[in-house]
Amino acid sequence: MTRAARILVVEDDENIRELVDVILSGAGYEVTTAPDGAAALRVVGNARPDLVLLDMRMPIMDGWEFARQYRARPEPPAPIVVLTAARDAAARAAEIHADGFLGKPFDIESLLSLVSQHAPHA
Amino acid sequence: MVIEGRSRLGARLRETLSRITEEAAHLLDVEGAGLRLVEGDELVRVAAYGPEGGVMARERLHLGESLSGQVAASGRPLIVDTPDAEPTHDPVYRAQAQVHGFRSWLGVPLRDHERVIGVLVMQSRTERRFGPTDVRLLEAFAGQAAVAIENAQLFEREYERRRQLEAVREVTSWLASATDLATLLERISRTAADLLAVESVAVYLWDEAGAMLVPRAWHGFGDWLGELRLRPGEGVAGTVAQRRAGVVVDDYRTVPFAQPIVRERDVARAVIGEPLLYEGELRGVITASIRNEERTFGEQDRQLLSLFAAQAVIAIEHAHLHEARDLALAEAEAARRRAAFLAEASAALASSLDYDATLDRIARLAVPTLADLCTVFMLTEGGEIRRAAVAHVEGIRADLAAVMERYRTGPVSPYGNVASAIRTGQSVLREQLPNDYFEAVAQDADDLETLRKLDWRSAIVVPLRARGETAGALALFRSGPDRPYDPADLSLAEELAGRAALAVDNARLYREARHAVQVRDEFLSVAAHELKTPVTTLLGFSQVLIGQLSQDGVLDERTVGRAVRAVEHGSRRMSRLVAQILDISRLDGGRLVLDRQITDLSALVHGIATAMQSTTRRHGLLVRTPDRVPALVDALRLEQVVTNLLDNAIKYSPTGGQIRIELEQPSRGVARLAVVDHGVGIEPERRQHIFDRFYQAREGDHVSGMGLGLYISRQIVELHGGSIEPEFPSDGGTRFVVELPTGLAEGVPDGGRGVTP
């Protein structure tokens, strides 16, 4: 029996958070959400994600700071895919050495293909 | 015949007198001989023959005094056989006769017609006594000698006159050698002193504007004379000027027009003065004076000085013309240089629009033509003065590199010339910086040391003014004592400052324009980013629904509910963003027009608060308003303002908390709304910008929004004639206070105050 891959969605916009949750849950992933970097760091221990979908511009703690602190944790970090509305999404992804990026707005297919590539069901 | 003074005996005459004396001694075969000439009521020694100091020991004798005096007074020869014992003989001579063994004394008068002009004296050491033969022989010789002396004196006078004419001719020759006025006056003074054989000469020039005589060159006087100013009628010179004719004074101490200071400082008695007249116009006065002597000026002196003055004034006039021409040439050259300098400055300043480069260029332009050190001071937005650019001459200050660096970055005194020029908009010219200047402006001990080491002596500060505003100042300094600034330097500096101010202003406008473009680009980028967020929601949920429909034609009820709510929310957000962009466009074009209706502000505030409360569970909105606050306002626009303030309060309180909305009427006709949060607040250095367009109060926090809300809100409030002010309570958070005129002359009766949770 396969285990559903666990995805952590860190996104400050409530609607987008819900959208990603609906899409990925519908595709059989186990989804945890957080509205900012600090909230994400609080849940990451329990959630043990296989992949982090990370927005960059967020209040309280932004994507840059989250990536730094997340990777400083003792357990091996999951791959990070940047989710951004910035013009230069690739550059943003490179800044934190992300494993992939997805510009907003995005197609469901693109999201699903990127997630399955980085977080295949075990 | 008049002997005018011992000092005036020429060498030739002296030789003649010695020879006469010596020949007489040989003629009578005596060991001692002497000759005295009459001068006033005295007999003055003019030649001596025999043992050193043995004859003619006394220089002057009165007529009647001693043996020679008796001969001169009586006009008759005299023989004395015991000169060492003769009681009427001067005791000095009696002693001398004993020492040198003179046994017999003979004196005969020298005559010019009937007048006694001198005495010839013979003294013998031998046993022989002088007798009638000796007297006749000596008298005959004296007759010859008198003629010889007369001739020698005539020759001497002629010689002197020629010498004087020569000196006068020499003055004339200066006409051709175009010397400068100061040197010429100096030479005139010296030559006059030689010519008249006097110790003191002063040359005054007539100052037409001041109607007075000003001393310009002198000999034999102290520096005090330079301070003297004589009006017509004052002193000898003033009297000469008034009479336009020569004046001769025998004793200065007794004349009515004597100047107290001259009488006090100078011991002169006889004074002569001649006007310097050029074509009948008074150009000045020359005076000469004699001290400590009985000599006075005679007609001959007066004629000579008059002749000399006539020549001198031509030379003076000539030098004046030369000087005027040189001055005109120098001025033309200076004007040409100024024009070239300013043309170069204009070209250099026009070559760049870069603000900092322009400031640097201005500083460098002034060095070295105008200054050893030039500093451009600019007024900051906060009203402080800072050094924006510094340039100094190469080399001379190399040893002071550290001092210069400290100067560049050091404090600027609010009491110095720079601050004063910026404050008043007026230039400052300090030809000589006072010794205590640095003490007055130094901000601390280090600063004082820096300023002292730079050793500035002269300074100009000109304000940089463009379009009626003083943006800064240009300070020019020269070190060293020999090149103080003058008004011509100031006017050149002002010309430079005028051009510099324009260049700085252009560079500033260019920088602002460029900044505006940058801000707009940034805004477009932010706006696109902001729009992408709701578009992501709309597109995503539409695809989710389409996917469900195409898969099995059945829509999951829960998903549909979430999707529709998200689409509705996203659409509203897009619509608000678009409205804001349109508002900006309207405000920029002045096309935002209010649609005023009588509105109850209490109801309006409650309505918005209720709607906003439904969007957040983390925040508690607490509303306090009177029952009714009617006002003549554009309700939709005010809704926008209140919504924006609440939106900000929520946005900047990311961890939640209470938000208070308080509406009140502090006085009739005024409504006041306060929105208070306890969120993250605004950093002090960013507070002054929060109402700027496209400005986000907390850049690092990535709070969503385009930075337009407060800008638009303020415009709307101000269109209503009201104001909006932020307050920053010490316990954190932010309090925005909006005051609006209600626009209703008579307030509707105030209902009681109510509290709505």
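## Structural report on a predicted two-chain model

In chain B, strand S21 (residues 670-677) is mostly covered, with six of its eight residues buried. Buried denotes under 20% relative accessible area, exposed over 50%, and partly exposed in between, with a 1.4 Å probe and protein chains only. Helices (H or I, at least four residues) and strands (E, at least two) are DSSP runs numbered from the N terminus. The model is predicted: local features need pLDDT of at least 70, side-chain atom pairs count only at pLDDT 80 or more, and totals for chains, interfaces and linings use all residues. Residues are numbered from 1 along each chain as its sequence is written, chains are lettered from A and ligands numbered from 1 in the order in which they are written, and side-chain values use heavy atoms, with hydrogens and water left out.

**Strand pairing.** Strands pair if DSSP finds at least two bridges between them. S21(B) runs antiparallel to strand S20 (residues 657-667) of chain B, to which six bridges join it; Val670(B) is the bridge partner of Ser667(B). These two strands form a hairpin with two residues between them, and Gly669(B) in the turn has a positive phi of about 85°. Strand S23 (residues 734-741) of chain B is also antiparallel to S21(B), through eight bridges, and Leu740(B) is there the bridge partner of Ala671(B).

**Nonpolar cores.** A nonpolar core is a set of buried Ala, Val, Leu, Ile, Met, Phe, Trp, Tyr and Cys residues joined through side-chain atoms within 4.5 Å. The largest has 42 residues, and those with the most contacts inside it include Leu601(B), Leu673(B) and Val675(B). Helix H17 (residues 635-651) of chain B gives the largest share of this core, seven residues. Apart from it lies another core, of 36 residues, among them Leu370(B) and Leu464(B). Leaving aside neighbours within four places in sequence, Leu601(B) is in contact (heavy atoms within 4.5 Å) with residues including Val629(B), Leu663(B) and Ala671(B).

Arg562(B) is found in helix H15 (residues 557-588) of chain B and is buried, with a relative accessible area of 14%. Its side chain makes a polar contact with the side chain of Glu18(A) at 2.6 Å. A polar contact is a pair of N or O atoms within 3.5 Å; within protein, one must be able to donate a hydrogen and the other to accept it, and residues adjacent in sequence count only if both atoms are side-chain atoms. Beyond its neighbours within four places in sequence, Arg562(B) is also in contact with Asp21(A), Val22(A) and Phe541(B). Val578(B), also found in H15, is partly exposed, with a relative accessible area of 41%.

| Site | Feature | Value |
|---|---|---|
| Lys104(A) to Pro105(A) | cis peptide bond | omega near -5° |
| Val367(B) to Pro368(B) | cis peptide bond | omega about 0° |
| Arg48(A) | positive phi | near 40° |
| Glu279(B) | positive phi | about 50° |

Pro105(A) is found in the loop between strand S5 (100-103) and helix H5 (108-118) of chain A. Glu279(B) lies in the loop between strand S10 (268-278) and strand S11 (281-291) of chain B, and is exposed, with a relative accessible area of 71%.
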